[in-house]
Amino acid sequence: ALAVQGGSFYQPRNLESLLRQSAVYATAALGMTMIIIAGGIDLSIGSVIALAVVVSAWVLNLPQGASAGPAASSQVDHWIHDWPILLPCLAALAGVGVATLAGLLNGVLCVGLRIVPFVVTLGTMMIYRGLAKIIAQERPIYPPGDSWLSRLMDPTLTSPSPHRWMLFPPGVWLLLLAAVVAAVVLRYTRLGRHIYAVGSNAETARLCGVAVGRTKIIVYTLGGLFGGLAGLMEFSWIGGTGIPTTATGYELSIIAAVVIGGGSLIGGEGSVLGSLIGALIITVLSMGGQQMGWPRPVQEMAIGAILIAAVALDYWQRHWRLQG
């Protein structure tokens with residue numbers, strides 16, 4: 001940020017764009033934080049986000065697909081003009097609901113098949129991406145008109161917007177609300193204590209009466225829920241279009257955000273605040289690299305190198321604690 005010429009990185013427009021762009025990573029990282037604390041991993045999160053985007057766009061596009069005659073056209077007008085909030089709400093519920101079910105399936109497969117989460121979510125990553133392409137028929141879905149769902153991530157301070165009084169885009173406030181909920185769950189609830197216990201030592205947690213399998217299923221379900229919310233933000237970020245190839249490679253940035261924020265891939269450690277800071281760091285690297293003219297592969301190499309450094313630092317910190 002300091003190296004960007006003329007201090008332009010700190011312009012209000014750029015800082016607002018930083019918040020908007022990091023919101024998708026940060027929201028998905030909330031669920032990934034819980035999963036990693038519990039000793040798991042979810043490589044399918046990018047595909048889950050894409051699935052939520054496509055399903056939301058598909059529901060918004062239903063009136064257009066139903067307009068096959070005068071009666072259908074009248075019904076379409078009724079849905080779009082007389083119920084401008086209802087249809088986007090149904091689309092949002094469908095997108096988040098499908099993503100939550102995808103997370104539930106991840107948890108059930110990990111617990112039921114007793115296969116390491118890396119392999120399970122690697123498989124579901126391809127399954128969910130393929131499902132998104134089937135729903136979209138391998139082409140973008142363009143819902144008719146505009147809605148509050150497609151304006152979720154519109155800038156507020158640097159352009160005319162009906163949400164200017166909110167200071168930040170509605171999607172950023174949704175992220176902050178979700179972060180507070182996730183932090184309360186981890187810090188002040190029995191489920192939160194069980195998540196940390198399972199990640200620290202699953203066998204000891206089981207001997208203490210913790211339902212390890214159920215806890216893991218709940219954690220992956222919550223990961224899908226937060227992935228669905230991130231999908232709504234991604235839908236708005238890419239212009240209100242259902243693109244089945246969107247969010248490709250997001251899993252690297254989301255996992256990196258959690259690890260850079262203090263989460264341990266071994267399990268038992270992590271925090272919501274740390275993951276939010278990690279998501280901001282990832283976005284600063286990406287945006288700063290773009291503004292300094294770094295090629296996209298160089299940006300990816302920088303994020304990968306920082307991920308390795310963060311994991312190595314975590315390992316050596318554990319080693320030094322044990323030696324001390």
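Helices here are DSSP runs of H or I with at least four residues, numbered from the N terminus.

Ground rules next. I am reading a predicted model, in which local features need pLDDT of at least 70, side-chain atom pairs count only at pLDDT 80 or more, and totals for chains, interfaces and linings use all residues. Residues are numbered from 1 along each chain as its sequence is written, and side-chain values use heavy atoms, with hydrogens and water left out.

Entry: α11 itself. Is α11 mostly covered or mostly open? I found it mostly covered, with nine of its 11 residues buried. Buried means under 20% relative accessible area, exposed means over 50%, and partly exposed lies in between (1.4 Å probe, protein chains only). The buried ones include Y250, E251, I254 and V259. They pack against α1, α2 (45–60), α6, α10, α12 (272–291) and α13 (296–323).

Entry: I254. I skipped its neighbours within four places in sequence and found I254 in contact with Y25, A28, A29, M32, I45 and I49. Contact means heavy atoms within 4.5 Å.

Entry: the core. I looked up the largest nonpolar core, which has 66 residues. Such a core is a set of buried Ala, Val, Leu, Ile, Met, Phe, Trp, Tyr and Cys residues joined through side-chain atoms within 4.5 Å. L30, I49 and I254 touch the most other members. Helix α1 (residues 12–37) gives the most to this core, with 12 residues. Apart from it I noted another core of five residues, among them V48 and Y128.

Entry: a helix pair. At what angle do α5 and α10 pack? I read about 150 degrees between α5 (residues 86–113) and α10 (residues 212–237), with axes 7 Å apart. Axes are lines fitted to C-alpha atoms over the stretch in contact, and angles run from 0 to 180 degrees between N-to-C directions. So α5 is roughly antiparallel to α10, a label for angles over 145 degrees.

Entry: E138 has a positive phi of about 60 degrees although it is not a glycine. E138 sits in the loop between α6 (117–135) and α7 (170–188). A247 is also not a glycine, and its phi is positive, near 65 degrees. I placed A247 in the loop between α10 and α11 (250–260). Which is buried and which exposed? E138 is exposed at 66% relative accessibility, whereas A247 is buried at 3%.

Definitions and conventions:
Helix = DSSP H or I, 4+ residues; strand = E, 2+ residues; numbered from the N terminus. Parallel < 35°, antiparallel > 145°, perpendicular 65-115°, else oblique.
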